[in-house]
Number of protein chains: 2
Amino acid sequence: MLRRQLFNKVSARTMITSHCVMIKEHGQPKDVLFTHEYEIDDDNLKEDSVLVKTLSSPINPSDINQIEGVYPSQPPKTQDLGTSFPTFVCGNEGLFEVVKVGSGVKDFQAGDWAVPLRVNMGTWRTYGEFSKEKLFKIPNPQQSKDQGKPPLNVVQASTLLVNPLSAYLMLNNFMKLEKNDWFIQNGGNSAVGKYATQIGKIMGVNSISVIRDRPNIDEVKQDLKGLGATQVITEEENNDREYSKQVKNWIKESGGNLKLGLNCVGGKSSTGVARKLQNDGLMLTYGGMSFQPVILPTSIHLFKNITSAGFWSTTIVEKDPSIKKKVLDQLVNWYQSGELKEAPAKENLFEAGDLCDMYKQGIIDAKSGKQLVTFK
Amino acid sequence: MLRRQLFNKVSARTMITSHCVMIKEHGQPKDVLFTHEYEIDDDNLKEDSVLVKTLSSPINPSDINQIEGVYPSQPPKTQDLGTSFPTFVCGNEGLFEVVKVGSGVKDFQAGDWAVPLRVNMGTWRTYGEFSKEKLFKIPNPQQSKDQGKPPLNVVQASTLLVNPLSAYLMLNNFMKLEKNDWFIQNGGNSAVGKYATQIGKIMGVNSISVIRDRPNIDEVKQDLKGLGATQVITEEENNDREYSKQVKNWIKESGGNLKLGLNCVGGKSSTGVARKLQNDGLMLTYGGMSFQPVILPTSIHLFKNITSAGFWSTTIVEKDPSIKKKVLDQLVNWYQSGELKEAPAKENLFEAGDLCDMYKQGIIDAKSGKQLVTFK
């Protein structure tokens, strides 16, 4: 920082000020989030750096767990942004617009859209300077138009990295699903559930979505079928051994096989999902909304050769970021072709004030649906 | 049968009479087992047939489950042995001595020892005629002596197919265990557990055996350590999150990794086993003695990438009997070299009377340990 401070004094020129939301210690977001301002010298970017402005930064459950300290992937705490103590910038998902690039950067130019290619980059900030290797370019609205394709909107572009990426990877990286094959998922009305339904449909794969019973169940069933769900059943039906015969009939009539289960609930819901899989089936667990463990009858392990495994996109994409690039390209294509619809998210525009208050409020509102903090 | 009956009448020669234990309908063994006698025309064996005399036929839990109708692998019911209704001969494990062979059989001769190569062959009988393809030759005592090696005893030779085969396959066919790596198993004092401990030791692999607390716990721990167990812990210790630190220390000091868990108990015991595995570990479930399902915390699926799978030797060896041949050869070698000790089993010699009474009594006595019905 010393060099920069000296430079400032001498030139008296204006630097770019970034507001970022950080934590010093883990805890409840309302207690530990704070805003830090730091300056980026845009005339002296590193050779391979890209200076970006944030357009949208979502709040995901994993971001909150990271702040609380109950998430195993954690950014390293540093003093690189001029704090007097080690800290990190929160947020993992987002959409950036390129402002300026370092002298060695050829693949990005001002106005391009980009998304983080790695986790723990800290997206809850107004501006950031990142190595070009850590960014993935996606078409901005003008570039889409130039290709004769509909542009991605900000919600689509800023929410590629968590839910649709997970849905894609779970359906494509484990079991070979042929046309007419089936998967079954609980949490069918969740964001991941809706993306999995749609991606399954695009792939020609049938799906059974398990959802909780609710007053407007018929409406929700219709919505999910509209997205492409082949069947939608309730948790009560999922837990009913008799109802399994109905499920078996659907599958038999289709000529396909029920090979894959996606579980984000746990407890007896996971048992119901696993029981319905055919021999040699796989259940992937990517969440535990019921706070109950995965429960698997011994007999389906032994005699049906059902395997239960975990899915965590972080492990997969951090091991091999090229997988992430491939999936992001596919998702962008599906959005441009209109085959994929985004899950709903609320845009909260930051105009002035203390940036961390936007995220604190967003975390409260996250109970009613995905929240984005957006910037002009 | 007609041809044979005619032949009998004409020649009046003596055929070999086999006593076999059968069921007509599933149910409790004491109610449904019966003895059937049939004759084998040893002068007219099929070209590829081997006529064998049973030396020993164990009673395994899976045999009992097969009789009760709660086991998914079932022999086809036929009238091939002259019953007036479809039925099958019980029993899957055993040791045979070859009596005579068909004209096309070169690999077997009278006096050879053989074991069933397939399941559902019906070993609870005094004599049988089997296709040569379904039998696997092992050295009889004289042949071992001729090789300068100690002979296998009847218990060793007649109990190769279930427990030691399972232990071998679980340790060798799933995870690559390097020297100094570890596995952890509950049911450490079971027959499979004891074979796994010994085979692990031969492979240079460390083991943790979880056993139930009992009055003579120190004695049992010493016995298991004598067989090669690196550590023996109680179920209480297995369930204690604090105790896990001790386990981690053992592993750290060894320089190896705890990659594999073997679970035959289920419930919280399976949770304790799975929790101790290192990242990317695998738990194989081969039984559920507690009658509780396998219970897996969501977090170890997600963040430690622990996989839970089933193990059923039937699927593996029926798909590819060559695997069974390879493992049987290895087990025979280890018995001959004295590296492997058999788990205890009680020999019940059949001399006269109704054969099915031997098995009915053996099933009652099975609660106190493995029972074999043996023949002179």
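Colleague: Which residue does A:Ser18 stand opposite in β2(A)?

Modeller: A:Tyr38. This is a predicted model, where local features need pLDDT of at least 70, side-chain atom pairs count only at pLDDT 80 or more, and totals for chains, interfaces and linings use all residues. Residues are numbered from 1 along each chain as its sequence is written, chains are lettered from A and ligands numbered from 1 in the order in which they are written, and side-chain values use heavy atoms, with hydrogens and water left out.

Colleague: How do I read the sheet around that pair?

Modeller: Strands of a sheet pair through backbone hydrogen bonds, either parallel or antiparallel. Here, strands are DSSP runs (E, at least two residues; helices are H or I, at least four), numbered from the N terminus, and two of them pair if DSSP finds at least two bridges between them. In chain A, an open sheet of 3 strands has the order β2-β1-β4, paired antiparallel. β2 (34-40) and β4 (88-89) of chain A are at the edges with a single partner strand each, so one side of each has no neighbour in the sheet. Between β1 (residues 16-23) of chain A and β2(A) there are 7 bridges.

Colleague: And how big is the interface between domain 1 and domain 2 of chain A?

Modeller: The size of an interface is often given as the accessible area lost when the parts come together. That loss is taken with a 1.4 Å probe and summed over both parts. The two domains of chain A bury about 400 Å² between them, 50% of it on carbon and sulfur atoms. In domain 1 of chain A, A:Tyr71, A:Val119 and A:Thr159 lose the most area to domain 2 of chain A.
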